Amino acid sequence: MKDNTNWDSLWETGDTAWDAGKPSPALVDLFDNPDTCSLIPKHGQALVPGCGLGYDVVFLANENRHVTGMDLSPTCVDLLHKNHPNATDHNYQFICADFFKFDVPNEGYDLAYDYTFLCALPPDFRPAWAARYAQIIKKDGVLITLMFPIDTHEGGPPFALNESL
């Protein structure tokens, strides 16, 4: 498997059209809805791979839930450390790591949130993506994955997603 996208170069040049400047509205809606909010672990360890500028990480962190934001780009993670110098005071952190190779905490994750990470990966990565989540999320843990974009276009990123892909 090879991803030809130079994520660090995109961060260096500021070519980050995916950055909405706030937490994902769909994630916020999950928490605002009592039916879905009750399904989300309120404590433990959480992971947000491909976290970008960390809006979802900050949103998910609370006094009982420690959140790790991960990105492959050193430039992105440097920005995160600069923009969030007191992250540990608020129960979150940012790491520069490869999702498929990083060292997972012994206990695994109670929660993982994946929004734009899946669509950023070439489609041939999808089986490894699923296997990795199965490996790192603890039994009874929760994976929240929002499929975007829902269509069948060629190329990417973002790569097309739909129920059959």
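Let's begin with one pair of residues in this predicted model: Ala46 stands opposite Val67, which belongs to strand β2.

Strands β1 and β2 pair in the parallel sense, over 6 bridges. To get from β1 to β2 the chain passes through helix α4, and this β-α-β crossover is right-handed. On to the next pair: β2 and β3 are also parallel, with 5 bridges between them, and Thr68 has Gln93 in β3 as its bridge partner.

Now look at β2 itself. In a regular strand, side chains alternate between the two faces of the sheet. In β2, Arg65, Val67, Gly69 and Asp71 point one way, while His66, Thr68 and Met70 point the other way. Because 7 of the 7 residues of this strand (residues 65-71) are buried, β2 is largely enclosed by the rest of the structure.

What is Val67 in contact with, beyond its neighbours within four places in sequence? The partners are Ala46, Val48, Val57, Leu60, Ala61, Asn91, Tyr92 and Gln93.

In soluble globular proteins, nonpolar side chains tend to be buried together. The largest nonpolar core here has 23 residues, and those touching the most other members are Val48, Val57, Leu60, Val67, Tyr92, Phe94 and Tyr113. Elements giving two or more residues to this core include β1 (44-49), α4 (55-60) and β3 (92-96). Helix α2 gives the most, with 3 residues. A second, separate core has 17 residues, among them Ala97, Phe99, Ala112 and Cys119.

Note on methods:
Residues are numbered from 1 along each chain as its sequence is written. This is a predicted model: local features need pLDDT of at least 70, side-chain atom pairs count only at pLDDT 80 or more; totals for chains, interfaces and linings use all residues. Side-chain values use heavy atoms; hydrogens and water are left out. A nonpolar core is a set of buried Ala, Val, Leu, Ile, Met, Phe, Trp, Tyr and Cys residues joined through side-chain atoms within 4.5 Å. Buried means under 20% relative accessible area, exposed over 50%, partly exposed in between (1.4 Å probe, protein chains only). Helices (H or I, at least four residues) and strands (E, at least two) are DSSP runs, numbered from the N terminus. Contact means heavy atoms within 4.5 Å. Two strands pair if DSSP finds at least two bridges between them. A crossover is right-handed if, with the strands pointing away from the viewer, the path from the first strand over the helix to the second runs clockwise.
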